[in-house]
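This briefing is for a reader new to the structure.

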Amino acid sequence: MRKYHFLIAVCIVLLDRISKLAVQKRILLHDSISVIPNFFRITHVENRGAAFGLFADSPSEWKIAVLVLFSLVALVIVSALLWKNSHAMTTTGIGLALILGGAIGNLWDRLFSGHVVDFLLFYIGQYQWPAFNVADSAIVVGAGLLVFEILFTKTPAEHKVSGH
């Protein structure tokens with residue numbers, strides 16, 4: 001099953017790279033295309049901070065190095081967890097594979113250009129969610145699957161206690 005989990009991660013990386021390259025090629029920086037008026041547009045922004053632009057305005061010369069280091073540590077942890085828990089196709093394995101693919105996608109941007117390309121922008125009137133990308137989406141969905149697994153799935157010990 002490991003190969004399928006890592007295939008999911010590779011697909012996320014490829015989808016993320018292709019979508020970011022298409023946006024960079026077809027949309028000028030800070031320009032956008034309306035997809036659903038007053039709700040969704042594809043835009044081209046560069047995020048020099050962490051998720052959702054956190055620390056983007058920080059003048060620290062160490063910011064990129066710290067973000068890259070944090071990403072590398074997260075990659076090692078997620079990879080180890082995925083390797084350990086990839087004996088069957090589970091919600092945990094899929095969640096970890098999505099997180100792995102998303103983390104690699106954003107790390108790629110940081111390493112090779114010093115920023116992450118974001119382009120999905122949802123908004124209602126003057127209220128908007130920070131722009132994000134495919135890698136961010138995979139990380140959030142993966143984390144959501146892990147939370148779901150923790151909150152709503154019985155452990156093997158609970159199955160034995162309940163007799164099922």
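Predicted model: local features only at pLDDT ≥ 70, side-chain atom pairs only at ≥ 80, totals over all residues.

Tyr-4 is found in helix α1, which spans residues 2-26.

**Surface**

**Overall build**

- The protein chain has five helices and four strands.
- Read from the N terminus, its elements follow the order α-β-β-α-α-β-β-α-α.
- The protein chain has 164 residues, of which 35% count as buried.
- Among contacts in the protein chain with a separation of 6 or more, 65% join residues 24 or more positions apart.

**Aromatic pairs**

- The structure holds six aromatic pairs.
- One of them is formed by Phe-40 and Phe-122, with ring centres 4.5 Å apart; the planes meet at 25°, so this pair counts as stacked, the limit for stacking being under 30 degrees.
- This pair links distant parts of the chain: Phe-40 lies in strand β2 (residues 40-47) and Phe-122 in strand β3 (residues 116-124), 82 residues apart.
- Phe-40 is buried because its relative accessible area is 12%, whereas Phe-122, at 30%, is partly exposed.
- Phe-148 and Phe-152 form a tilted pair, with 5.2 Å from centre to centre and 45° between the planes.
- Both Phe-148 and Phe-152 lie in helix α4 (residues 134-152), four residues apart, or about one turn of the helix.
- Phe-148 has 45% relative accessibility and so counts as partly exposed, while Phe-152, at 61%, counts as exposed.

**Aromatic cluster**

- Phe-40 and Phe-122 also belong to one aromatic cluster together with Phe-39 and Phe-132.

**Charges over rings**

- Arg-2 lies over the face of Trp-83, at 3.8 Å from the ring centre.
- Arg-41 has its charged end over the ring of Tyr-123, 4.4 Å from the centre of that ring.

Methods:
Residues numbered from 1 in each chain as written. Heavy atoms only, no water. Phe/Tyr/Trp six-rings, centres within 6.5 Å; stacked < 30°, edge-to-face > 60°. Helix = DSSP H or I, 4+ residues; strand = E, 2+ residues; numbered from the N terminus. Buried < 20%, exposed > 50% of the residue type's maximum accessible area, 1.4 Å probe, protein only. Lys NZ or Arg CZ within 6 Å of the ring centre and 35° of its normal. Contact = heavy atoms within 4.5 Å.
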